[in-house]
Amino acid sequence: MTKHEFEVAMTCEGCSGAVTRILTKLPDVKFEIDLPKKLVWIESDRDVESLTDTLKKCGKEVKYNGTK
């Protein structure tokens with residue numbers, strides 16, 4: 001599985017909670033959230049476009065930083 005890094009405009013626990021709720025619904029996905037740095041790492045075999053679209057469902061600005 002590839003580990004992808006995304007920058008998500010999260011400002012509070014509520015924001016990271018929304019990201020958690022969205023990503024928890026995806027099967028076969030592991031993720032970590034660093035709220036102070038506004039980073040989300042997702043380990044998945046899904047394509048970047050699909051992961052980006054999923055993250056955008058939380059209503060925040062999302063930027064893909066590449067693989068880690």
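Counted up, that gives two helices and four strands. Both kinds of element are DSSP runs, helices being H or I with at least four residues and strands being E with at least two, and they are numbered from the N terminus.

Before we go on, a word on what you are looking at. This is a predicted model, where local features need pLDDT of at least 70, side-chain atom pairs count only at pLDDT 80 or more, and totals for chains, interfaces and linings use all residues. Residues are numbered from 1 along each chain as its sequence is written, and side-chain values use heavy atoms, with hydrogens and water left out.

Let's start with the overall shape. Along the principal axes, the C-alpha atoms fill a box of roughly 30 × 20 × 15 Å.

How much of the chain is buried? Of its 68 residues, 41% count as buried. Here buried means under 20% relative accessible area, exposed means over 50%, and partly exposed is in between, using a 1.4 Å probe and protein chains only. The chain exposes about 4200 Å², with carbon and sulfur atoms supplying 47% of it. Those areas come from the Shrake-Rupley method with a 1.4 Å probe, and for residues only the protein chains shown count as cover.

Now contacts, meaning heavy atoms within 4.5 Å. Among the contacts in the chain with a separation of 6 or more, 66% are between residues 24 or more positions apart.

Let me show you some of those on the structure. Please find Glu 5, in strand E1, residues 2-8. Is Glu 5 buried or exposed? At 11% relative accessibility, it counts as buried. Leaving out residues up to four places away in sequence, Glu 5 touches Leu 39, Val 40, Trp 41, Lys 63, Tyr 64, Asn 65, Gly 66 and Lys 68.

At the other end of the chain's elements, Thr 67 is in strand E4, residues 62-67. Thr 67 is partly exposed, at 49% relative accessible area. Its contacts, neighbours within four places aside, are with Thr 2, Lys 3 and His 4. From Thr 67 to Trp 41 is 26 residues in sequence and 8.9 Å in space, C-alpha to C-alpha.

Next, some loops. Ala 9 sits in the loop between E1 and H1 and is partly exposed at 33%. Beyond residues up to four places away, Ala 9 touches Lys 60 and Glu 61. The C-alpha atoms of Ala 9 and Val 62 are separated by 6.7 Å, though the two are 53 residues apart along the chain.

Asp 45 lies in the loop between strand E3 (39-44) and helix H2 (48-56). With 64% relative accessibility, Asp 45 counts as exposed. Apart from neighbours within four places, Asp 45 is in contact with Met 1 and Thr 2. Its C-alpha atom is 8.2 Å from that of Asp 28, 17 residues away along the chain.

Asp 28 itself is in the loop between helix H1 (13-24) and strand E2 (30-34), and is exposed at 67%. Now look at the backbone. Most residues other than glycine have a negative phi. Asp 28, not a glycine, has a positive phi of about 60°. Lys 38, in the loop between E2 and E3, also has a positive phi, near 60°. Lys 38 is partly exposed, with a relative accessible area of 36%.

On to the cysteines. How many disulfides are there? The count comes to zero, where a disulfide is a pair of cysteine sulfur atoms within 2.5 Å. Cys 12 is partly exposed at 36%, whereas Cys 15 counts as buried at 7%.

Last, the charges. The chain has 12 positive and 12 negative side chains, and the centres of the two sets lie 4 Å apart. Lys and Arg count as positive, Asp and Glu as negative, while His and the chain ends are not counted. Each charge is placed at NZ of Lys, CZ of Arg, CG of Asp or CD of Glu.
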